[in-house]
Amino acid sequence: MNVIRKTIDLGDGRVIEIETGRLAKQADGAAMVKFGNTMLLATVCADKEPKEGVDFLPLTVEYKEHMASVGRFPGSFFRREAKPTDDEVLISRLVDRALRPLFPDDFHANIVVQVTLYSGDLNELPDALACLAASAALAVSDIPFNGPVSEVRVAKIDGKLVINPSKSALESDGTTIDLIVASTATSIVMVEGEMKEVSEEEMVEAIMFAQEVIKKQVAVLNELQQEAGTTQKRAYQHEVHDDDLRKRFYDFAYERCKEIARMQLADKRKRNELFTAVKDEFLATLTEEEKEEKAFLLGIYWGAIQYDAVREVMLKERKRLDGRRFDEIRPIWTHVGYLPGPHGSALFTRGETQSLTTVTLGTKLDQQLIDGAIYNYEKKFLLHYNFPPFSTGEARPPRSTSRREIGHGNLAWRALEKVMPKDIPYTVRVVSDILESNGSSSMATVCAGSLALMDAGVKISKPVSGIAMGLVTDEQTGEYVILSDILGDEDHLGDMDFKVCGTADGITACQMDIKVKGLSRELLTEALRQAKEGRLHILREMTKEISAPREDYKPHAPRVETLYVDKDFIGAIIGPGGKIVQELQRETGTTIVIEEVNNQGVVEIFSPNLEGIRKAVKRIKAITAQPEIGEVYEATVKSIMPYGAFVEFLPGKQGLLHISEISHTRLESMEGVFKENDVVKVKLMGIDNKTGKFKLSRKVLLDKPKIN
C-alpha cells in the first residue's frame, strides 16, 4: 500500500491533511482531506471513451453529507439519506463551477466526482474543503485536467480577513464578508458569497487575499501529484477533425456571422433566426451522407464560428450584439401589486428578461426545517426561483427543480436576506417565476423580490438591485471589453459572468465564474466599478415605482398579535392534548403559536380577521389572568348544590357562590334560582390563604331592597 500524506499549514496553528493510497483504490483517483474532526473523501472516475455524439463535457459532481458524520439520524421517514438537500446541491455547484472550466475543451468522456462527508464537526464548515478534496483526487488520477485548483472561505470578521473561520466565528455580528473563492496558481476561477453592504475595494481585497492562500494549497497538490507519479495523464482522442470541412464552413459562414453581429439586433429571436439561416445555407451545400457522418464536427465548428465572429466584432469594432454601449442597461419597466391575491407582488422586466414575483406571509408553523449534518435549524425567510421552459421559447415539459434553479434562488436569497427585518413575526416566502429570459434572470429575481417585499409591507432596510457583468478578452493582444447587463449570448460567448447585488450603500451578494486566465486586480476593480454604476441605475429605475415598504400590510394579509405570559400558563392555554388551543383556533379562525423564549411564554396569534384576533386575545388573557380581590367577573354556572352554585369566573378558576351570597333576600333552597351554563356577575371578595378557595358574592352587586 503506497500511502501518501501531505499537509497544508494555514499559518495559525491549524493544519489541513491530505491522504491518498489507502481508501477507494479502484477509483481513478481518491483522496481523504482532514481538517480537525472534519474528514471528506473525494473520488473521481472517468470513462475511457465518450458516448457517441457528445460534444460537451459530461461532468457530474455530487457532494453528500452522512448524518453519521456528526452522530445523528436522518430526519426523514425512512431514516436514511435520500435526495440531496439544497445545501448539498449548492456545495456540489461550488465544486462543479471550479472544476468544469479546467478540463480540456476536447475531452468528452463521462466524469463523476463524488465528495462525501464521513466525519464532521458542528463548528467547522466542510464546504470550503470539498473542492480541495476533489482536486486532490483528480491530481492523483490519470484524468486530463488543467489544475490543480482549490477553494477557501475568506471572511472579514471584526475588520480582519480570516481563512476558513469556524462556524461560530462566521455567525458573529462582526462578520461583514463571507466568500468562497476558487483559484489555480495563476487564475481566479470562481467566487460566490454574501456581504453586509461592503465596498468594491473591500471585496477585491478579500478575493486577492484568498488567492494568495490558495496558491500555497495548489503547490502542495502539485507535490502530491509528483509523489503519486500521475503528472502524465491518459492519452485520448475524442475529436477527430476534418480540417477541410472546418475551412469550408469558416470560409462560408464567418463573415456572414460578423455581418449579423454588426446589425446590433435587440430581438434575440430575430438574431437567432439569421444565424440559423446561415448554418442551414451551408448545410444545404453538403450531401446527406456528409451531414449525417459529420454532424458531430459540424456542431463543434458552428459553435466556434459564432464564438470567434461575435467576439471579433466586439473587440475590433467595439459593437455589441444588441447595439448598446458596453456600460448601458436595457430598458426597465416595473409594476408592483400586479396580482391581487398574494400578499405582495411585482413584475420586473429588463430587456427580454422578466420576473413575476410574489410574497407570502405566514406563521412560525410555515418555517422550513433545515435537516442537515452541520446545519439544523428553522428558516423563516425563503426564496424560490423557477425557470420554466417557455421563458426561452422551448417546447419541453417542466421537470423537478434543477440545480441551476436552486443555485440562482440561493444567490437572490443571499442578496435580500441582508436587508430583511430581524424582528419580523412572519415567515416570509418569495417566489420568482421567470416568464422571459435573455440574460441574468437571477438578477431580475433580486430586483423583483425587493419590489415585491416592499409591496407586501415588509420593512426591508433598503431596496436591493442586481446586475450581471460580462467580459470579452483577447489574451494575445490584451484587448478587452467589460459588458454591463449581459445578454444570454454574451454570457455564452464571453469570458466572465459576474453577478453583483447590493443596495445604494454597498454589495450584499455576488457570484462570479471566469473562463479567462489571469484576471488582474485592476480588471476586477474596473468591472466592479462599472457594475456599481449599473446597479445604481437599476435602483433608480426601481424606486420610480416604489421606493420604500408600504406603511401597512395588505388587507388580506395575516395580522399578528403577540402576548407575553408567565411560562406556567403555557399548559393552561394548550390544554390536555391541545384541546383548548385547538378549540380556540377553530372558534376564532386564528392560528396560534405558543413557545417558551428566555424563560417566558410567547403567544403569537395570526389571522387576516382582526375580530378573530381580538376574540382570541380576550380568551387567552382570561386564561392567564390572575384572580384579583375586588374584581367583578362574568361567571358561568357549572354545577348546583343545595348550599349554592359552583361557578367558573376565569378559565380554570372555580369557586362556590354560597346561597347566602346570591341575594339580599334569604333563599330557602337553590331550586329555580340558576340552571347550569347560566352567566352571572360575581365579585371576588377574598381568597383563603390556607386552602386557596375563592369567596364570591353576587348580592354585593345588587341594590339592597328598600325598607318600608
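Student: Which residue stands opposite asparagine 386 in β17?

Tutor: Good place to start. In this predicted model, asparagine 386 faces aspartate 433 of β17.

Student: In what sense do β16 and β17 pair, parallel or antiparallel?

Tutor: Strand β17, residues 427-436, and β16 pair in the parallel sense, over 6 bridges. Now look at β17 and β13, the strand of residues 353-362: here the pairing is antiparallel, over 9 bridges. Serine 355, for instance, has isoleucine 434 in β17 as its bridge partner.

Student: What is the order of the strands in the sheet with β17?

Tutor: This open sheet of 5 strands runs β11-β12-β13-β17-β16, and its pairing is mixed. To find the edges, look for strands that pair on one side only: these are β11 (332-336) and β16 (381-386). From one strand to the next, the twist averages 15°.

Student: Where do side chains point in a strand?

Tutor: In a regular strand, side chains alternate between the two faces of the sheet. Keep that in mind as you turn to another sheet in the model.

Student: How many strands does the sheet with β22 have, and in what order?

Tutor: It is an open sheet of 3 strands, ordered β22-β24-β23 with antiparallel pairing. Its edge strands, each pairing on one side only, are β22 (559-565) and β23 (591-597). The average twist is 20° from one strand to the next. Strand β24 (residues 600-607) and β23 are joined in the antiparallel sense by 7 bridges, and valine 593 stands opposite glutamate 604 in β24.

Student: Which helix lies across β22, β23 and β24?

Tutor: That is α15, residues 610-624, which runs at about 5° to β22.

Student: Let me try helices. At what angle do α1 and α2 pack?

Tutor: Compare the directions of the two axes. For α1 (residues 86-99) and α2 (residues 127-139) the angle is about 45°, and the axes are 9 Å apart. The two helices are therefore oblique to each other. Their crossing is right-handed. On the α1 side the contact is made by Ile91, Val95, Ala98 and Leu99, and on the α2 side by Asp127, Ala130, Cys131, Ala134 and Leu138. Sorted by class, this contact of α1 with α2 has 8 nonpolar residues, no polar ones and 1 charged.

Student: How is α1 placed against α9, and which residues make the contact?

Tutor: The axes of α1 and α9 (residues 403-417) come within 10 Å and cross at roughly 95°. The pair is therefore roughly perpendicular. From α1 come Asp86, Val89, Leu90, Ser92 and Arg93, while α9 brings Arg403, Arg404, Ile406, Gly407, His408 and Asn410. By class, the contact of α1 with α9 holds 3 nonpolar, 4 polar and 4 charged residues.

Student: At what angle do α5 and α6 cross?

Tutor: Helix α5 (residues 243-263) and helix α6 (residues 268-283) cross at roughly 160°, with axes that come within 10 Å. They are therefore roughly antiparallel to each other. The crossing is right-handed. Among the residues that meet are Phe249, Phe252 and Ile260 in α5 and Leu274, Phe275 and Val278 in α6. The contact of α5 with α6 divides into 11 nonpolar, no polar and 5 charged residues.

Student: Which residue other than glycine has a positive phi?

Tutor: Look at alanine 24, where phi is near 50°. Alanine 24 sits in the loop between β2 (15-20) and β3 (29-35).

Conventions. Residues numbered from 1 in each chain as written. Predicted model: local features only at pLDDT ≥ 70, side-chain atom pairs only at ≥ 80, totals over all residues. Heavy atoms only, no water. Axes fitted to C-alpha atoms, helices over the stretch in contact; angles between N-to-C directions. Helix = DSSP H or I, 4+ residues; strand = E, 2+ residues; numbered from the N terminus. Parallel < 35°, antiparallel > 145°, perpendicular 65-115°, else oblique. Left-handed = near helix turned anticlockwise from the far one by under 90°. Contact = heavy atoms within 4.5 Å. Nonpolar A, V, L, I, M, F, W, Y, C, P; charged D, E, K, R; others polar. Pairing = 2+ DSSP bridges.
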